[in-house]
Amino acid sequence: MKYLFVLFFIAYNSYNTGLEFESENSSGYFPITQEKDLKQSIKDGQGVYSGFCMRCHLSEGEGVEGIYPPLANSNWLAEKRMESIKSVKYGLNGEIEVNGKTYNNNMTSMGLTDREVADVMNYIMNSFGNEDRDLSQVTLDEVSSISEE
Amino acid sequence: MMNIKALTLGLLSISFMACAQNDNTIDTLEEDYSHEVIIDNIEIPWGLDFFEDGSFLATSKEGQIFYHKNGTTTKVADVPNVYNRGQGGLMDVKIHPDYPQKPWIYFTHASTQGDEDGGHTALVKADFIDGKLSNMETLYKASPNTTKGQHFGSRLEFDKDGYLYMSIGDRGEREVNPQDISRDAGKIYRFNDDGSVPEDNPFYTDGNAKKAIYSYGHRNPQGMEIHPESGEIWVHEHGPRGGDEINIIKKGANYGWPVISYGINYNGTEFTDQTSQPGMEQPFYYWVPSIAPSGMTFVTSDKYPELKGNILAGSLKFQYLEHLVINENGVQKREKLLNKVGRVRSVKQGTDGFIYVGIEGVGVVKMLPKS
């Protein structure tokens, strides 16, 4: 931890020093987000899934009928992408319909980082039969841009 | 031909798995209890405890402690360093049995304190005087931290001699923690009320052991209550898929996790074929399928004569309050109370004799006796 701090301190100082040589027009810069490789994201997401999701949604995403909605072959996941990400990020309370069955439960926020939310979404969307739906990769930017309201 | 056999086997195992979710040994009431919502603004009411005057404390997993008196709920603390992730957060709360002579309260939370990333369970003591909470002091902090989100334990109870017991779950490391008394996690701990460790704790003289450990080989105990007559500490704990248990805690005993278990892995595979072994305790009762028990109380009041002397335990999974009729031979009958009310996180008998229940997404409710 201390070592990291020293590194950061050095980096910060050279950044400040560097600034002095630049013109005043350099104020508008955009942070660069480099998205994780999908395969790596799915792999990391599997770890998140076993730690935070599996105990209710079970190992094949089958859920428990009437209690924990299935993630396997889930129409909700495919049709409600934004709501799905939001529910993993902030939790979900109240009635939903998944694969023709009604569920009314309370899933609380798991306290995952945005990176972990993206990874676990990619794992779920590429497992349990959902892979046939060919859903596009969930990115860190996409998760970050979703707010609670 | 082989394919048909494989297909049949597959279908059979699917239907078997579906059946395994049904619980045929529990009854549903013809006329269920009704309830009244007392506090509605706590998302996950993890812990409850009552003062002599009937007022009470309630915790919110997100990190706040609330005080409820005369119909008014007041926030009395934002607990620092709460690791609100997965199953961790601010958890149980306990009032000193000699309150107000000893004006102290105790609570547990998943804590980020320590050198490593992540969190682990901590025990905190604070003063509670005239409705105000002050002087928070961490008495114990388990280590090492981990970013895993499982099995923080949390429950607190005092015995008749004034010792304080605390549960910590295995933190998702069943192969490493529960059977090793030199490590935290998967244990029941015993303390003096100032946080010091009693010298007659079972592993006090073992140089390598965590001296506060009182029993070990636990998975994730989230219910703990003193038996009103025997004075024994009763605990229930989550199993994996099947194998939740009720255990009566004995000094220095090994409860066997994960060497023996009545459960299987979440994916249906076995991790042990042993349900008993010499030197390991058998449970008083085990649940198959799992109900995911949280919160526990013995009913002693006369408000509910049909429940008196029995155990109430919350079911997170099936969203009811379980009534277990017990005698010296074990559990005689099980019933669902407040069926489908929501994920039941905590249950306590209040000073007024009524049963209070903490329900996720609902709040704290009072269960009303049948007239």
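Biologist: Is the crossing of α5(A) and α6(A) left-handed or right-handed?
Modeller: This is a predicted model, where local features need pLDDT of at least 70, side-chain atom pairs count only at pLDDT 80 or more, and totals for chains, interfaces and linings use all residues. Residues are numbered from 1 along each chain as its sequence is written, while chains are lettered from A and ligands numbered from 1 in the order in which they are written. Helices (H or I, at least four residues) and strands (E, at least two) are DSSP runs, numbered from the N terminus. A crossing is left-handed if the near helix is turned anticlockwise from the far one by less than a right angle, and right-handed if clockwise; the crossing of α5(A) and α6(A) is right-handed.

Biologist: Which word describes how α5(A) and α6(A) lie to each other?
Modeller: Axes are lines fitted to C-alpha atoms, for helices over the stretch in contact, and angles run from 0 to 180 degrees between N-to-C directions. For α5 (residues 81–90) and α6 (residues 114–125) of chain A, the angle is about 130° and the axes are 10 Å apart. Angles under 35 degrees count as roughly parallel, over 145 as roughly antiparallel, 65 to 115 as roughly perpendicular and the rest as oblique. That's why α5(A) and α6(A) are oblique.

Biologist: Which residues of α6(A) make the contact with α5(A)?
Modeller: Contact here means that two residues have their C-beta atoms, placed from the backbone, within 7 Å. On the α5(A) side you'll find A:S84, A:I85, A:V88 and A:K89, and on the α6(A) side A:V117, A:V120 and A:M121.

Biologist: And how do the residues of that contact between α5(A) and α6(A) divide?
Modeller: Ala, Val, Leu, Ile, Met, Phe, Trp, Tyr, Cys and Pro count as nonpolar, Asp, Glu, Lys and Arg as charged, and the others, Gly among them, as polar. On that scheme, the contact of α5(A) with α6(A) has 5 nonpolar, 1 polar and 1 charged.

Biologist: What do the buried residues of α5(A) pack against?
Modeller: A residue is buried if 20 or more other C-beta atoms lie within 10 Å of its own, exposed if 12 or fewer, and partly exposed in between, with C-beta atoms placed from the backbone. In α5(A), the buried ones are A:S84, A:I85, A:V88 and A:K89. They fall within an arc of 130° (taken from the directions from the helix axis to the C-beta atoms), so they line one face of the helix. Their packing partners in chain A are α4 (75–79), α6 and α7 (140–145).

Biologist: How do α2(A) and α6(A) lie to each other?
Modeller: Their axes are 7 Å apart, at an angle of about 95°. By the same cut-offs, α2(A) and α6(A) are therefore roughly perpendicular.

Biologist: What's the class make-up of the contact of α2(A) with α6(A)?
Modeller: Residues of α2(A) in this contact include A:L38, A:I42 and A:Y49, and those of α6(A) include A:V120, A:Y123 and A:I124. By class, the contact has 8 nonpolar, 4 polar and 3 charged residues.

Biologist: In what order do the elements of chain A run?
Modeller: Chain A has 7 helices and 2 strands. From the N terminus on, the order is α-α-α-α-α-β-β-α-α.

Biologist: How do the residues of the side of chain A that touches chain B divide?
Modeller: The contact takes 13 residues from chain A and 18 residues from chain B. On the chain A side, α2 (38–52), α3 (54–57) and β2 (101–108) each supply at least two residues. That side divides into 6 nonpolar, 6 polar and 1 charged.

Biologist: Over in chain B, is B:H238 buried or exposed?
Modeller: B:H238 sits in the loop between β16 (233–237) and β17 (244–248) of chain B. Residues it touches include B:R219, B:D244 and B:P293. With 28 other C-beta atoms within 10 Å, B:H238 is buried.

Biologist: Is B:S154 buried or exposed?
Modeller: You'll find B:S154 in the loop between β10 and β11 (156–158) of chain B. Its phi is positive, about 120°, although B:S154 is not a glycine. With 31 other C-beta atoms within 10 Å, B:S154 is buried.

Methods:
Lists of a residue's contacts leave out its neighbours within four places in sequence.
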